[in-house]
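Hi,

Here is the structure I promised to pass on.

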Amino acid sequence: MIFTKLIKPKWQNADPEVRRTAVKEIDDPNIINEMAQHDESIAVRRAAIHKINDLTLLDTFVQQEADSSIREVALQRFKQLLAGQKDNIIPLETKLDWVNRNLPLELLEYIAKHGQEVELRLIATQRINNQEILADIAITDQSSKVRLVAVENLTQHAPLEQVFKSTRNRDKTVSRIAHDKLNALIEANERPLKIRQECEAICIRLEKLGRGDRSIKIWEQEHAESKHLQNRWQAIDQTAIESELQARFTTAQQAFATALEQFQTAIRLHQQAAVERLEKKTVYCQQINELLAELNELQPTQRFPNSDTAKALQQRIDVIEKQWSELSDKYESEEEKRYQIEFKQNSTTARKLYQQLSESSTVITQLEKINREIQAALEGREPIKSGQISHFTEQWHKQFARLLAASLFADLKQQFNERIQALQQQFEAQKQQTEQATQEIQQQLKEMEIALSEGQLQAAMTLEQQVISKLKHNKQLVARNSLEERLQNCSTKIKELRDWQDWGILLRRKSLCHLVESIVPIDIVEKQDSSESISATEDVDQRLKNIDPAEYEAIELSLKNELLLPDLNDLEDVARFIQNAQTAWKALGAAGYSHQLWEQFNAACNRAYQPCQVYFEGKAQERADNLAKKQKICEKLEVFLAEINWDQNIAWKSVSNFTDKMHKEWHIIGVTNKRDKKAIQKHFTDLNDQIDKKLSDERTRNLNERRGLIDDAKTAAESDGIDQAIQKVKELQKKWHVTVPSKRTVEQAVWKEFRQICDSVFERRRSLQAEQQQVLQDNTNQRASLCERVKALLKLTGEQVNTIPTQLKELQLEWQNIAEITGQQDQNSKMQERQFAAAVKNVEANYPKQLAMLQHKQLILLRQKADLCVEAEQSEQLDSIRTRWETMPKLLDDRLETQIQQRFTTACAKQTSRDPALLERKEILCIRMEILAGIESPPKQHKARMEYQVMRLSEAMSGGEKNIDKQEDAREIQLEWYLNGLIADEVMELELRFAKAREAFYSS
């Protein structure tokens, strides 16, 4: 070991040649870098530079080294490392980073020609403009993407012609691009004239737009065309447009924009009106459908239920059709036209059904009227005439023939047949009855004549009434005149006998007058004019003067025994006597009636009743006053019930005092009329019952509430959380109050039970306070740990980023569990709560960035895999491509990995799709990416781009397009682009355009 320290290594030897030779054997980059920078020998330094792998150090040599030979060697080493020609150990990302810097054009041209990686050559080619080198790359480079970039950057005629001729049979895409660019150069000479012609054509067409009355479809077409014309105008070099044409275009554009805005305003108003009109038409269609359904329901009956229904249906049809006619519009939509057809059909059908039902109803009404007339003839008292039956039959058949569906009215026809047959039978029976009645009347007249001859007045009177009734109800009797003459003779004899009978009844009426007059007080009698009483009865007395006095006294004595003379001091007994006398008068009926005697009797009753009336009026007034007092009490109760709000806090003690007071006042009031007593008592009882019910309910509720407080206190005392229990008990104590007390023993028992439970809870708290402090400390430590675990989520990368939401949710759940166990917060807990919330908020805010970064890296990886798929689709050398594919990591999304793997497998098998529809789809994706990036599409794609933008505009105008995030939209476009392979001549050109648009989008 000592000798090792004494012997210097060769790279430190004094001989420069030894050091130069030693450089080849040294692998330590630090020693190599040291020798390249500080060795005294230029040759040693050059040898060391040949082994340097640090691009930054090599760039420093190139920029700052004074010795030109060293600068040359460093530059050569830098180019070789960057191009990957020797010792290809520099990562591609590092190379790309260097190429994206401001490297000299010479270096970029070298990399463009000699770079090993396609990505490297592609970026370098995009940044150079040496036409000879670009032409050489476009012809000789192995990558189709690089060749396309090179030919795109060619701008001179000679190189383009060289590329066109050299690639005509080898690369049709490059050849076509070169040919198109040659044509563009040729066209550039004719450009001023074409620009003027194009501007004039655009102005002429734009000036024609928006003229006159146009339909919506034409306006939409012209709107799209105006956008197309504007894009055509924007595609022209604005510096080459003459000021006159520019002003003309601006004027035409503003004129069309004004006309379009006016039209769009009118359309919006029209659309709003159309929506309202369509809603109304929908309602009217529904109404006509409902009306048609009602008419269809009436079809089986072939008639309207009544005239009001018919009139209402007619009015509804007229109103709906009138309302519909008011909704006509020349810009009707297809949906409105469909409604128009449906409404017209249903309206016509409804009209037709209504007319049929109306005619049927009229006929049926006439038929039913005929049936009713027949039934009336059957049930009527009038005799049936022989011509009625034929008349009914003729009218029935005339109306029945008008029915459209006669089979539906078999019941009606059967009813007619039955009734007309019954009428015929009744007519026959009537004839027999008439003959029989004639015989019966003759027999009764004969019996009446015999009874009169024997003096049997009552039997004769009965027979008289029977004969009169039969003559009245049988107007078609045979020999009616002779029968009526015999009846008249008998009636004359009956009248003579009845006059003798009336004398006995007259005597009884006279006795009633005397009895009533006998109880009239003297003072009242003196006030009456005696002459008036005498004159009123003198006619009756004159008629009775020949009556036997003993017979009259017997009648009066009989009445006294029947009516019982009253106690004149008892006015109520007097009133009853008068009432009984009046009843007896009425019982005598109409026989022996004398108006003068009635006036005498009535006057005597009125005189006798005068003191009774005064007495009863006083009693009635007293009962009325009592009723008023009781009504006043009921009114007070009603006002009390109306004013008190039982849903708010109520002074229950004042309620109880008020009801007690009302009861005392009620009981000191006297009686009322019998007819009022039951009602007013019921009213008072009902009002008190309402209040008593409220008091009883409140007493029960309050007691149950306090028992519920006891149960709550027991629950709180048995709960694990002592703080909650203490708080709960305090709240329960505040809630404990008595509104309507129960019995004293009950009140004492519930209060004692409640107080004991509360005391036990407070005692329990004192024993748990020490234990609580330890729990709080443990929870503080757990929360601090959770805060650190949340903060750690900010450092997650890669696939672990996807687990952030789940982990964060779990940590929040743990935090909530801790908070629930704690049940309270001190100052330290509040500070930890704020820290945890801030950490969660920071994670939630940073997660989208982490996720976006992960998605972006995955998208880059997917793009790299897609590039390998493109190479596999274009190249025949697949071994190196498969090797590079196997070294690439898998995508985190299994679905995307499966799809890109399928594309790569298909590409390697040379089975990639040649579907023109897929090519068109990829062109649209490319246009969408160019729109997002804000760059122009190639001239030949202007039409497709315009069509796509018009489609988006139409969707926006119709409300179908939604706002989409540009980043998400770009990601979806790229996913669809990378996952779909295609073989076509235009593919490489599309790949180049898409890559350019992608880079422009992410660099903006």
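Below is what I found, starting with the whole chain and then going to two spots.

First, the ground rules: this is a predicted model, so local features need pLDDT of at least 70 and side-chain atom pairs count only at pLDDT 80 or more, while totals for chains, interfaces and linings use all residues. Residues are numbered from 1 along each chain as its sequence is written, and side-chain values use heavy atoms, with hydrogens and water left out.

The protein has 39 helices and zero strands (DSSP runs, H or I of at least four residues for helices, E of at least two for strands, numbered from the N terminus). Of its 1004 residues, 37% are buried (under 20% relative accessible area, 1.4 Å probe, protein chains only). Take the contacts (heavy atoms within 4.5 Å) between residues at least 6 apart in sequence: 71% of them join residues at least 24 apart.

Now Glu991, which sits in helix H39, residues 987–1003. Glu991 is buried but has no salt bridge (a side-chain nitrogen of Lys or Arg within 4 Å of a carboxyl oxygen of Asp or Glu). Its nearest side chain of opposite charge is Lys922, 4.1 Å away. Leaving out residues up to four places away in sequence, Glu991 touches Lys145, Val870, Arg903, Lys922 and Trp977.

The other spot is helix H3, residues 29–38, with Ile31, Ile32, Asn33, Met35 and Ala36 buried. Those residues pack against helices H2 (16–23), H4 (42–49) and H5 (55–64).

Cheers

How values were computed: Buried means under 20% relative accessible area, exposed over 50%, partly exposed in between (1.4 Å probe, protein chains only). Lys and Arg count as positive and Asp and Glu as negative; His and the chain ends are not counted.
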